[in-house]
Amino acid sequence: MQQIINGLSLGSVYALIAVGYSLVYSILLFSNFAHGGFLVVGGYACYFLLTQWGYSVPVSMAGALIASGLTAIITERLAYKPIRERTTTTLYLLIASMGVNIIIENLFVVTVGGRIRALPQNTFPTGIFKIAGVTLSASDIISLVTAVIFLTMLQIFLNKTRWGLAIRAAACDIRTAGLMGVNVTFLISLVFFVAGILAAVGGIFLSVRYSLYPQLGSITTKAFIAAVIGGLGSLPGAVVGSLILGLAEMLTAGFISSQMRDLVVYSLLVIMLLIRPAGFFGKAVSEKI
Amino acid sequence: MGGYQEGIIILMCINCIAAMGVSILTGFTGIFTLGHAAYMALGAYTTAILTVRYGVHWIPAIIAGGLMAVLIAWLIGLPTLKLTGDYYAIASIGLGEAIRLILENWQSFTRGARGFPGIEPYTTRICAVIIFIGLAIITFNFLDSRLGRELRASRDDSAAASLMGFNTPRTRMKALLLSAFYCGIAGALLGGYMSFIQPSMFDMMKSTELTAVVVFGGLGSMSGTILGSAAITLIMEYFRDISQYRMLIYGLLLVIIMVFRPEGLLGSREIWELFSLENSKQEDK
């Protein structure tokens, strides 16, 4: 039971990140490996706003979300847009996104150093509850609740607003959406902004849960796997995949050994790809290259 | 020639061998991989364990390293080569990392994350250069052979190629096995040069680097691959003094190349075709 709670809490953080992956994939059909970079930007922005400039917790977090969102937009404009205009091969975007990830990671190494930092203890209320023999920490509950809030907000945004409709249209067929009068350039920026925000939320949670360092973004590989397991491009898929992955990871760590957890994660990915390459909720894939 | 220059030449040869392997698969067969560092790891570990634990001479040990990579690639390829496009790339990430993690967690056999020390330094300059040149000659001849044309045919249009009577799944498998062999050899040579190997040397970063180098040189151009690989190795090594900025420059380079010249240095032409431009243009179109 304890492991299940831990797994769900970890899975909810993965879900926030994985949904960002899926959102970008659903529009541009490529896996944005710079997502980890956006997450790191969010973590550091929150850290510096809190400690160096002494802003309050809500302000710092809002600042972190905006910083990540803007980074995502800038990345899209400077790196991905020129590539998209030249070629349709998504592999180039994939490699460029890995390049962006390396740039962001090492910008932090160069400017603020690679040492491990910790967000101040009082960022989140701490406290431990015991309910029916299960220990719940406040941060677990907060991450679960926040994930639910943000994912619900995203769902409302996608289903109830005009821009949400446009995004859903573009996910079906971006060219036709463009012909129907959707401002595709703006739309893509918007999608990246939203993805950046979600990455920042994940980044803040991860830096509270573990600690903050430039390579923190590598954890998004797991979120990416979760998105693949759920079906790239499908938002409910990303959430389900994340929860499965979080549970699998925590159950392995709890009952087998913590060294095996990564191995289990990657095996899950490969098995899933072999059985159902499109994931649980994915669209059928056709040859793209 | 100083030891430093010599080291760079050896590294260049090793990286070129690995890049040639990836180029056969990615550039000429059109299967994108992001997990080929794992085959390097297999080659390196097989050779290291054979030479250190069992006292095997390094020449057969290197070949055994290559063959081990081939064996594992065959086991992996059977189910995964059915995947197409991005999905093979994603699967190869998973498999590559899984192999690395197995090496890292199999403490009793591989000494785990602490790494495997004490490998005989058999990779000298002569040895690396000879193996590189030998493999390069084989590669260029191979690409002009029937099988090489088969690879390109199944890359350009696999449906048409299979209608022409090519067994495209088997062609893809052959390309994978060959590329795994090259990477296994490269890994074995790397172990012999460093005298020390560690699973983290063969992580996803390394795999990405291999594919990026091939794209940088030009997909479908073997001379481009070699040129690109040599150039990237030189840049990375000579910037070692400013090591903090090294990775930053590498990342920038990746993005800039993708933005300004996604077709790579040479496109899909070989270097000697540049000197007879008119002919090659006709061939392209």
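## Chain B at a glance

Among contacts in chain B between residues at least 6 apart in sequence, 79% join residues at least 24 apart; contact means heavy atoms within 4.5 Å. This is a predicted model, where local features need pLDDT of at least 70, side-chain atom pairs count only at pLDDT 80 or more, and totals for chains, interfaces and linings use all residues. Residues are numbered from 1 along each chain as its sequence is written, chains are lettered from A and ligands numbered from 1 in the order in which they are written, and side-chain values use heavy atoms, with hydrogens and water left out.

Chain B has 13 helices and 0 strands. Helices (H or I, at least four residues) and strands (E, at least two) are DSSP runs, numbered from the N terminus. The radius of gyration of chain B is 18 Å, close to the 19 Å that the globule rule gives for 285 residues, so chain B is as compact as a globular protein of that length. That radius is taken over C-alpha atoms, and the globule rule is 2.2 Å times the number of residues to the power 0.38. The C-alpha trace of chain B spans about 55 × 40 × 30 Å along its principal axes. Of the 285 residues in chain B, 56% are buried. Buried means under 20% relative accessible area, exposed over 50%, and partly exposed in between (1.4 Å probe, protein chains only).

## Helices α3 and α9 of chain B

Helix α3 (residues 58–80) and helix α9 (residues 168–194) belong to chain B. Their axes come within 7 Å and cross at roughly 145°. Axes are lines fitted to C-alpha atoms, for helices over the stretch in contact, and angles run from 0 to 180 degrees between N-to-C directions. The crossing of α3(B) and α9(B) is right-handed. A crossing is left-handed if the near helix is turned anticlockwise from the far one by less than a right angle, and right-handed if clockwise.

Residues on the α3(B) side include B:Gly65, B:Gly66, B:Ala69 and B:Trp74. Those on the α9(B) side include B:Leu177, B:Phe181 and B:Gly184. By class, this contact has 16 nonpolar, 4 polar and no charged residues. Ala, Val, Leu, Ile, Met, Phe, Trp, Tyr, Cys and Pro count as nonpolar, Asp, Glu, Lys and Arg as charged, and the others, Gly among them, as polar.

## A loop residue in chain B

B:Ala113 sits in the loop between α5 (107–110) and α6 (125–144). B:Ala113 is partly exposed, at 42% relative accessible area. Beyond its neighbours within four places in sequence, B:Ala113 touches B:Glu104, B:Gln198 and B:Pro199. B:Gln198 is 85 residues away along the chain, yet the two C-alpha atoms are 6.3 Å apart.

## Helices of chain A

Helix α4 (residues 90–112) of chain A has 23 residues. From first C-alpha to last, α4(A) reaches 33 Å, close to the 33 Å expected at 1.5 Å a residue. The expected span is 1.5 Å times one less than the number of residues. In α4(A), 20 of the 23 residues are buried, so this helix is largely enclosed by the rest of the structure. A:Gly113 follows α4(A) and has a positive phi, near 90°.

Helix α1 (residues 2–28) and helix α10 (residues 235–255) of chain A have axes that come within 6 Å and cross at roughly 145°. This crossing is right-handed. The contact of α1(A) with α10(A) holds 17 nonpolar, 9 polar and 1 charged residues.

## Two buried residues in chain A

A:Ser189 lies in helix α8 (residues 184–209). A:Ser189 is buried, with a relative accessible area of 7%.

A:Leu50 belongs to helix α2 (residues 35–51). A:Leu50 is buried too, at 13%.
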